[in-house]
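Have your viewer ready and the selection panel open.

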Amino acid sequence: MEQEWRQVSRRRRGKPRNGASYPRFAASTASKVAANVGEEEVEPVPEISADKQTKIIGRVRAIADILRDSLLVQDALRVIAEHFELNTVKKSVDKDVEGVDTEEVTDHSPTLVGYGLGSFCASSNAVHQLGFLVALRESLESRLRKSNGDVLAVESSDTIQHCAEIFDPAMNKSDAVIAEHFQLKIILENEHGRRQVDSNTVFFMPHCGKTLYQNVLACNWGPAIKNLVIIGNSFSAYGDRVLGSKERDELLLVSVLPYVDEVPLPCGVAKHHEDFARYEAAFNDLSVLRFPSSSLHRALRDDNLLNEKMATVARTEKPK
C-alpha cells in the first residue's frame, strides 16, 4: 500500500545554492515512531535548542513575508475565495424602509489543515512550507478585513483569526514550539487523512502520498466535498505517470479527474532569486484542487463506479 507520509517529488533536485543551511540529523538510534498500515516508519527527529528555534522562527517569518504577495499564495487565495465565496457582498431590500438596499458581507472563513510538512528542525522544505501556511492565513485574514476596497469593522483581531492546524508524525516538541509561535494548533493524534469536514476547510498537503489524499477525498465524498479545497500534488500528474490500466482503474486520484478543477501553482519566487532552488524543492508540482458544484453533482448522480470506490475506501478500518 502507498506510504501515506512519503514525500513525493516530480523530479530530482540539485543541491540548494547560496543560502543558510538547515539542521540535518543522522538517523536516530532510538526506536522509530510506530507506523500504521499504509505509512512508512518515521525516525524521531532530535529536539533543538531555544536559540535554534528562534532562528527557525525568524526564517519562517522571512519566508512568509516573501510569499504573502507572491503568485503562489495569491493564486491559491483566489481559488479559495472563489470556491468558498469569501467576502461576497449580497444586496437585499430593506422591507421596512422603501427604496433602501442593504449590503451584507458573507463570511465563510475556512479552517486550514496542514498534513505532512515534516519537522521544521530537520527539513528546509518543512520550513518553507510552514512559511506558506503562515502567509496564506495572513492573506485570508487580510481579505476578511476588506470588501470591495472598504475596511470591514472588526472588534479585534481575535474575531477573524483563522483556525490553522498541523500534523506530521516526525514533529517533536521543538516543532510544536515553532508552530505555536505562529498560533498554529498541533493535531495530537494521527488522523490518517480521515477528517470529516462540516465547514469550509483547506487541506495543505505538500508532497504527501496517494493514500493520504484518497482518505481525505473518500471520507468526505458526497455533498460535503464542496466544503473542501486541497493544496497538494497535481492529480493530473498522477494520471500522466500511472501507465498500468489496473492501477489507473484503482487510483481514486485518476478517477476524479473528470470532476476536479485543478489550478497549477508557481514555486513562489523568480528563478534569479538566490534561494530559488529551495523554494522550487518545497513547492514543485503543487496545485489547488476543488470540485465545482456542477461537476460534483454529475459525479454523485452518474458515476456509480466512482461512488462505490469512495465508499470502499471510506469504510476501510482506520489504523490503530
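On this tour, buried means under 20% relative accessible area, exposed means over 50%, and partly exposed lies in between (1.4 Å probe, protein chains only). The model is predicted, so local features need pLDDT of at least 70, side-chain atom pairs count only at pLDDT 80 or more, and totals for chains, interfaces and linings use all residues. Residues are numbered from 1 along each chain as its sequence is written, and side-chain values use heavy atoms, with hydrogens and water left out.

Start by selecting E85, which is partly exposed at a relative accessible area of 44%. E85 sits in the loop between helix 2 (71–84) and strand 1 (89–93); helices (H or I, at least four residues) and strands (E, at least two) are DSSP runs, numbered from the N terminus. Its phi is near 55 degrees, a positive value in a residue other than glycine. Most residues other than glycine have a negative phi.

Next, go to H192, in the loop between strand 7 (185–186) and strand 8 (201–205). Phi of H192 is also positive, near 55 degrees. Is H192 buried or exposed? H192 is buried, with a relative accessible area of 3%.

Now pick Q129 in helix 3 (residues 124–144), a buried residue at 2% relative accessibility. Leaving aside neighbours within four places in sequence, Q129 is in contact (heavy atoms within 4.5 Å) with L117, F204, P206, H207, A282 and F283.

Finally, show helix 5 and helix 11: Q214, N215, L217 and A218 in helix 5 meet M310, V313 and A314 in helix 11.
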